[in-house]
Amino acid sequence: MDWEALWLSIKLSTVTVVILVPMAILAGRFLAYRQFRGKSWVEALVMVPLVLPPTVIGYYLLVGLGSESWLGQLLEQLLGHQLVFHFSGLVIASILVNIPFAIQPIQRAFEAVPEDVRDAAACCGMSRLKVLFKIELPMVWPGVLTAMVLCFSHVLGEFGVVLMMGGNIAGETKTIAISIYDSVQAFDFASAGNMSLVLLLFAITVLALTTSLSRRVGGQHVSSRR
């Protein structure tokens with residue numbers, strides 16, 4: 001087991017979830033409640049990472065944020081280091097790739113909130129911020145939880161965009177997925193099998209727990225409405 005690569009993957013997944021999910025809550029709520037011209041195009045743009053190969057996204061990030069681009073040079077001057085082949089670059093890449101996994105379940109959860117509940121809260125004089133935290137978030141919690149699990153699990157196993165954007169630098173950009181690839185390349189199938197088994201068991205366990213918890217929370221909301 002490559003513990004350093006596993007720890008880096010967990011760190012990358014955690015940072016991505018912490019940054020992306022709050023933004024996804026705001027974006028998902030906006031898309032769920034607002035009707036505007038071009039909304040279908042915005043939703044299509046959100047879904048692009050689902051159908052676009054991760055290597056393509058990694059290529060555009062590599063070109064757009066590399067030292068040869070004006071944006072990459074500007075960011076390098078501001079940050080003191082280039083984003084390409086650096087952990088911070090992996091965070092940006094992971095956030096972009098996981099946008100649909102974060103926004104879509106949260107948007108669907110907000111769409112399921114009854115309009116009369118929000119109207120009643122507004123009639124009681126509650127501010128929008130208070131409605132969000134006191135009324136809406138407890139009701140959309142299963143969607144938020146699903147988004148967190150999907151993002152964390154997806155980042156943990158991400159390969160293409162990580163390799164394109166970060167390369168294979170031990171302790172900096174070498175994640176568990178890249179370590180598995182290296183082990184296979186070196187014909188070390190035992191190590192590759194052990195690491196793959198850990199990811200498989202983790203995915204099954206987390207998804208099972210998330211599904212069970214979502215059903216319980218959903219059942220509580222249904223009972224409270226009755």
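Q: What volume does the largest pocket have?
A: About 260 Å³. Keep in mind that this is a predicted model.

Q: Which residues sit closest to the centre of that pocket?
A: R29, Y33, R118, R128 and E136. They belong to a lining of 13 residues.

Q: Which helices supply at least two residues each to the lining?
A: Helices α1, α7 and α8 do. Helix α7 covers residues 115–123.

Q: And which of them gives the most?
A: Helix α1, with four residues.

Q: How many residues of the lining are nonpolar, polar or charged?
A: Six are nonpolar and six are charged. One is polar.

Q: Back to E136 and R29. How do their side chains meet?
A: They form a salt bridge. The N to O distance is 2.6 Å.

Q: Where are those two in the chain?
A: E136 is in helix α8, which runs over residues 128–157. R29 is in helix α1. They are 107 residues apart, so the pair links distant parts of the chain.

Q: Is E136 buried or exposed?
A: Buried. Its relative accessible area is 0%, and buried means under 20%.

Q: And why does R29 count as partly exposed?
A: Because its relative accessibility is 22%.

Q: How many salt bridges does the structure hold?
A: Four. Another one joins the side chains of K174 and D2, at 3.8 Å from N to O.

Q: Where do K174 and D2 lie?
A: K174 is in the loop between α9 (160–166) and α10 (176–185). D2 is in the segment before α1, and α1 spans 3–33.

Q: Are K174 and D2 buried or exposed?
A: K174 is buried, and so is D2.

Q: What about R108, which residue does it bridge to?
A: R108 forms a salt bridge with E111. Their closest N and O atoms are 3.3 Å apart.

Q: How far apart are R108 and E111 in helix α6?
A: Three residues. Helix α6 covers residues 99–111, and being three residues apart there puts R108 and E111 about one helical turn from each other.

Q: New topic. How many helices and strands does the protein have?
A: Eleven helices and zero strands. Read along the sequence, the pattern is α-α-α-α-α-α-α-α-α-α-α.

Q: What size of box do the C-alpha atoms fill?
A: Roughly 65 × 45 × 30 Å, taken along the principal axes.

Q: How much of the protein is buried?
A: Buried residues make up 38% of its 226 residues.

Q: What share of the contacts with a separation of 6 or more is between residues 24 or more positions apart?
A: That share is 73%.

Q: What does the UniProt annotation say about residues 6–210?
A: The entry, which is unreviewed, gives "domain: ABC transmembrane type-1" for them. In this model, the span is 80% helix and 0% strand. Its end C-alpha atoms lie 22 Å apart.

Q: Let's look at S94. Where is it?
A: In helix α5, residues 87–97. S94 is buried, with a relative accessible area of 2%.

Q: What is S94 in contact with, leaving aside neighbours within four places in sequence?
A: L12, T16 and V155.

Q: How far is S94 from M164, going by C-alpha atoms?
A: They are separated by 12 Å. Along the chain, S94 and M164 are 70 residues apart.

Q: Last one. What is the phi of F85?
A: It is positive, about 60°, although F85 is not a glycine. Most residues other than glycine have a negative phi.

Q: Where is F85 placed?
A: In the loop between α4 (70–79) and α5. F85 is partly exposed, with a relative accessible area of 40%.

Q: And F187, what is its phi?
A: Near 60°, a positive value in a residue other than glycine. F187 is found in the loop between α10 and α11 (189–225). F187 is exposed, at 66% relative accessible area.

Technical notes: Residues are numbered from 1 along each chain as its sequence is written. Side-chain values use heavy atoms; hydrogens and water are left out. Buried means under 20% relative accessible area, exposed over 50%, partly exposed in between (1.4 Å probe, protein chains only). UniProt positions are given in the numbering used here, feature names are shortened, and annotations may be inferred rather than shown by experiment. On a 1 Å grid over the protein atoms alone, a cavity is a set of points where a 1.4 Å probe fits but cannot get out, and a pocket is an open set with protein on both sides within 12 Å along at least five of seven lines; lining residues have an atom within 4 Å of a point. Grid points are joined across faces, edges and corners, and a volume is the space filled by probe spheres set on the points. Ala, Val, Leu, Ile, Met, Phe, Trp, Tyr, Cys and Pro count as nonpolar, Asp, Glu, Lys and Arg as charged, and the others, Gly among them, as polar. Contact means heavy atoms within 4.5 Å.
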